Amino acid sequence: MFPQENHSNGYQQGPGVGYSHRERVRRGTRRSRASTSSVRVYDQHQPQHRPPCTDFDVAYFHSYAHLGIHQEMIKDRVRTETYRDAIMQHQSSIAGKVVVDVGCGTGILSIFCAQAGAKRVYAIDASDIALQANEVVKANNLSDVIVVLHGRVEDVEIDEEVDVIISEWMGYMLLYESMLGSVINARDRWLKPGGLILPSSATLYMAPVTHTDRYSDSVDFWRNVYGIDMSAMVSLAKQCAFEEPSVETITGENVLTWPHVVKYIDSYSVTVQELESVTAKFKFNSMMRAPLHGFAFWFDVEFNGHAISSTNYQSTTSFVDNHQMNGSQRKRRTNPNEALVLSTAPEDPPTHWQQTLIYFYDPIELEQDQLIEGSVTLSQSKENARFMNIHLEYTSGGRSYVKESVMR
């Protein structure tokens, strides 16, 4: 840790061609097969008013052609069962209605909607997994309900307005991969006034964390290796372990304070422009004496009905704004009749999203009630909007620090 004013505590990486985190974890030989199904295929030569499909976008779509990624997501029971429950909870808004599934993957959410009585479901995916999704639709005798569209949301055409948009768009740290822009595009092009969007809102949180075991395993290990002094490796070990954001699972015991709201997103009103850069100021008081190793980020999404969302939006926004100012805790829900919530918080059942941690190269020793304040900016990379630049400025114990990182 460097005590100098505004000294860098991280390494700024420039954006470049690379695999998404999910693809790096489960990259394999890409398999694509021809299909004799009725899936509609759209090319990526779009009119100038639509966003261009870049080489980064193509690589992103290709990464989701790998079955392992979809298996990981479907096996996440918290994720998949919450979406299924939300669909059934809103069955009265789905039955007999037209639905768009943005980023349908294997088609499982589209099938849930069909089971809930949807009149027609447009299942859209730019990845080649759409070809297999169409085979799944046929195998379940749902071809008369589900229409698979193989192409970007920005490029496909639907000749009618829709009543419902459903999408599992959330990336690590909520905004990584920037898929929400496609949901916004679908909303602005096709959703009827008063239509339903699932999920209806999302909230990104952050909190300071302590994680001595993780730090010791990555760094202190090198101080004595089978009786050999390898402390010369410590500097490199810190860079290798903590240069980039780390997606891992922590528990509530690692969290030093109540979390702070970084960004609240209302699915009915959010714009693409406001997602390009998100900045939040924070102020925490440590609840215990412990080393501060970094900050953790997680999110939750809610599945309110459109009437509930529009009615409560103002009060919810006021709540979030107030809590952003004082760095206070996440929203508490004690009424079981309130909206379904899919949470990735450390104290809740684990999901494939886990939590995203930004580690410092050196910990800060905190006293109980010690103040930690600063700001965080999350911005889309200028070269590849699916990458996320993270800029942290924070002060504690009279010293100021900066940590910069890229989630790629």
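These legends walk through several close-up views of a predicted protein model.

Figure 1. The protein has 12 helices and 17 strands. Of its 408 residues, 55% are buried.

**Figure 2. Six strands line up in an open, parallel sheet.** Reading across the sheet, the order is S2-S5-S4-S3-S6-S7, and the pairing is parallel. At the edges are strand S2 (40–41) and strand S7 (191–198), each of which pairs on one side only. Strand S5 (residues 146–150) is the partner of S2, and these two pair in the parallel sense over 2 bridges. To find this spot, look for arginine 40, which stands opposite leucine 149 in S5.

**Figure 3. Strand S6 pairs with S3 and with S7.** With S3, strand S6 pairs in the parallel sense over 4 bridges; here valine 102 stands opposite serine 167 in S6. With S7, strand S6 also pairs in the parallel sense over 4 bridges, and valine 162 stands opposite leucine 191 in S7. Going from S6 to S7, the chain passes through H8, and this β-α-β crossover is right-handed. How many of the residues of S6 are buried? The count is 6 of 6, so the strand is mostly covered, given that buried means under 20% relative accessible area.

Figure 4. Helix H8 (residues 180–190) lies across strand S3 (98–102), strand S4 (120–125), strand S6 (162–167) and S7, and runs at about 155° to S7. The helix is mostly covered, with 8 of its 11 residues buried. Those buried residues are Leu180, Ser182, Val183, Ile184, Asn185, Ala186, Arg187 and Trp190. Their cover includes S3, S4, S6 and S7, along with strand S10 (260–266) and helix H11 (272–275).

Figure 5. The bond joins leucine 198 and proline 199, and omega is about 0°. Proline 199 lies in the loop between S7 and strand S8 (201–209).

Figure 6. A search of the whole structure finds 17 aromatic pairs. One of them is formed by tyrosine 60 and tyrosine 64, edge-to-face, at 5.3 Å centre to centre with 65° between the planes. Tyrosine 60 counts as buried at 10% relative accessibility, and tyrosine 64 is buried with a relative accessible area of 9%. Phenylalanine 221 and tryptophan 222 form another edge-to-face pair, 5.0 Å centre to centre and with 80° between the planes. In this pair, phenylalanine 221 is partly exposed at 42%, and tryptophan 222 counts as partly exposed at 26%. Elsewhere, Phe282, Phe284, Phe295, Phe360, Tyr394 and Tyr401 form one aromatic cluster.

**Figure 7. A lysine charge sits over a tyrosine ring.** The charged end of lysine 403 is placed over the ring of tyrosine 361, 5.1 Å from the ring centre.

Figure 8. Serine 92 lies in helix H5 (residues 91–94). Its relative accessible area is 67%, which means it counts as exposed. For a distance to check in your viewer, take the C-alpha atoms of serine 92 and alanine 116: the two residues are 24 apart along the chain, and the atoms are separated by 8.6 Å.

Note on methods
Residues numbered from 1 in each chain as written. Predicted model: local features only at pLDDT ≥ 70, side-chain atom pairs only at ≥ 80, totals over all residues. Heavy atoms only, no water. Phe/Tyr/Trp six-rings, centres within 6.5 Å; stacked < 30°, edge-to-face > 60°. Buried < 20%, exposed > 50% of the residue type's maximum accessible area, 1.4 Å probe, protein only. Lys NZ or Arg CZ within 6 Å of the ring centre and 35° of its normal. Pairing = 2+ DSSP bridges. Contact = heavy atoms within 4.5 Å. Axes fitted to C-alpha atoms, helices over the stretch in contact; angles between N-to-C directions. Right-handed = clockwise from strand over helix to strand, strands pointing away.
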